[in-house]
Amino acid sequence: MCTLNRKLILLFVISLIASILVGCAESESGTASNEGEENTEKSITFSWPRDIGPMNPHVYNPSQLFAQSMIYEPLVSYTEGGELQPHLADSWTISEDGKEYTFKLREGVQFSDGTPFNAEIVKKNFDTWIEHSSLHSWLGVMNVLEKTEVVDEFTFKMVLKEPYYPALQDLAVVRPVRFLGEAGFPDGGDTSQGIKEPIGTGPWMLSDYKQDEYAVFTRNPNYWGESPKIDKVTVKIIPDAETRVLAFESGELDLIFGEGVISMDAFNQLKESGQYGTDLSEPVGTRSLLLNTSNEKLADLRVRLALHHGFNKQAMVEGVTLGLEEKADNILSTNFPYTDIDVEPIEYDVEQANAYLDEAGWELPAGKTVREKNGEQLELELIYDKTDPIQKAMAETMQAEWAAIGVKLDITGLELTTQIQRRRAGDFDVDFWYNYGAPYDPHSFINVVAEAGWGVAEAHSNLSMKEELDEQVRATLASTDETERQELYGSILNTLQEQSVFVPISYIKKTVVYQENVNEFIFPANRDEHPFNGIDVSN
């Protein structure tokens, strides 16, 4: 009997161990051991070169646009072909004089914490923007926004000081005109000082976050619209582009998406391998140089034209972007409204560049490589985003090409935030500048040329026609006459083209590379929106 008991005990122990091992194996393979069902959670992991930031919808860097657009939503959305469609607003009417916009809000919308979206919270957000309108002067509607009214629970009115034709386009942008829930506001309500937590009406919520390492977004259970097809998006912060590609090839990342997130060489290699999905968007903006005329050397149009003529734009675009971007002759590509104008391209011409510099009094002394004038060298600094491999490669190319016409170019790689701070402070000679793209342009582009505070208007400060240019910008944005508006845009864009404060290089395209299990990837119509709502994955 004792022997039998020992055998039974031994069999029981063996059976218990076996069941534990099977349970572990099932758990590791993603199978729910209790129910015998597969884990159906769908998720993707992608990389971004910098931390997502504090996710304040009403301010700018370091918060990242794609992440802000996952959490926060607009009244009006910008869709393919430039069409504006209802979003948090079901409909709207515009008064005959163009000054009053009345929005009927979508009913039944909740923030991610379950609190209601209504006219009161819309007004609270609007009033916060108005209170700090100087922070947002680049966005034209902020300069003409006079007051707001709650008509009833789901009706909101925006009143302008004067007509401003692109008001609805401005309300479709990602920041600062999106909506924070009541619990996200700080004590005192001043979101320029920070927020308590990121609470929006969007399809995603920030559920886990470690600064400079990762951020995890999960679906908002209270979302009013069609729920995303995947459950979770993990963002891994990988500043170095080459490391990002290695992580993708090892399977650590499901996709890499954006502008300048990997080199064009790496993109081509991944494409040609045949192992991954790859795609390029339509042009989303223009990659330009911004020359600061507050620098006495660059205040001379002849010097600016010499720099424009002094590098081989076509060769640089082909060499750096492997022909995946297109050489830009216009400051704005012609696929935006009002931008299809005839301009005279400024072509690569070393002889002409040298002639302009000679005429401007910058001479090349015998035995020297850098031009001089009144004992001073023709030396300039180009600042660039050090995490952007395309900017870096173009800066190095520019350095070599301008050396051939006697210009010494120092190149300095900076953190993006520092680069922007220096631009806004006017503390630069040459910087990379990208126009805003859809849905901002061309109206936001010309507005930032006129409105101080962002470094662009200041870079144009020494143009002899600057005051006239600013008046034309204001007249354009207030015009209710389509023909007049087209004529004004033509005049402004031609002037900017001729003055070469902006030096267009190439038309930018977004890139995406993704693993075979990722499908239904579509580039957003709005340049700054995230692409995650429509993505699906095969488990």
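I looked up T387 and found it buried, because its relative accessibility is 11% and buried means under 20% relative accessible area, with exposed over 50% and partly exposed in between (1.4 Å probe, protein chains only). This is a predicted model, in which local features need pLDDT of at least 70 and side-chain atom pairs count only at pLDDT 80 or more, while totals for chains, interfaces and linings use all residues. Residues are numbered from 1 along each chain as its sequence is written, and side-chain values use heavy atoms, with hydrogens and water left out.

**T387**

I placed T387 in the loop between β19 (379-385) and α11 (389-403); helices (H or I, at least four residues) and strands (E, at least two) are DSSP runs numbered from the N terminus. Leaving aside neighbours within four places in sequence, I listed P49, R50, P239 and G260 as its contacts, a contact being heavy atoms within 4.5 Å. The T387 side chain makes polar contacts with the side chains of R50 (2.7 Å) and D385 (2.9 Å). A polar contact is a pair of N or O atoms within 3.5 Å; within protein, one must be able to donate a hydrogen and the other to accept it, and residues adjacent in sequence count only if both atoms are side-chain atoms.

**Strand β7**

I noted that β7 (residues 100-105) has Y101, F103 and L105 on its covered face and E100, T102 and K104 on its uncovered one. β7 runs antiparallel to β6 (residues 89-94), with 5 bridges, and T102 is the bridge partner of T93. β7 also runs antiparallel to β9 (residues 155-160), again with 5 bridges; there F103 is partnered by F156. Strands pair if DSSP finds at least two bridges between them.

**Largest pocket**

I read a volume of about 1300 Å³ for the largest pocket. On a 1 Å grid over the protein atoms alone, a pocket is an open set of points where a 1.4 Å probe fits, with protein on both sides within 12 Å along at least five of seven lines; lining residues have an atom within 4 Å of a point. Grid points are joined across faces, edges and corners, and the volume is the space filled by probe spheres set on them. The lining has 44 residues, with N61, L65, R175, L416 and I420 nearest the centre. α12 gives the largest share, 7 residues.
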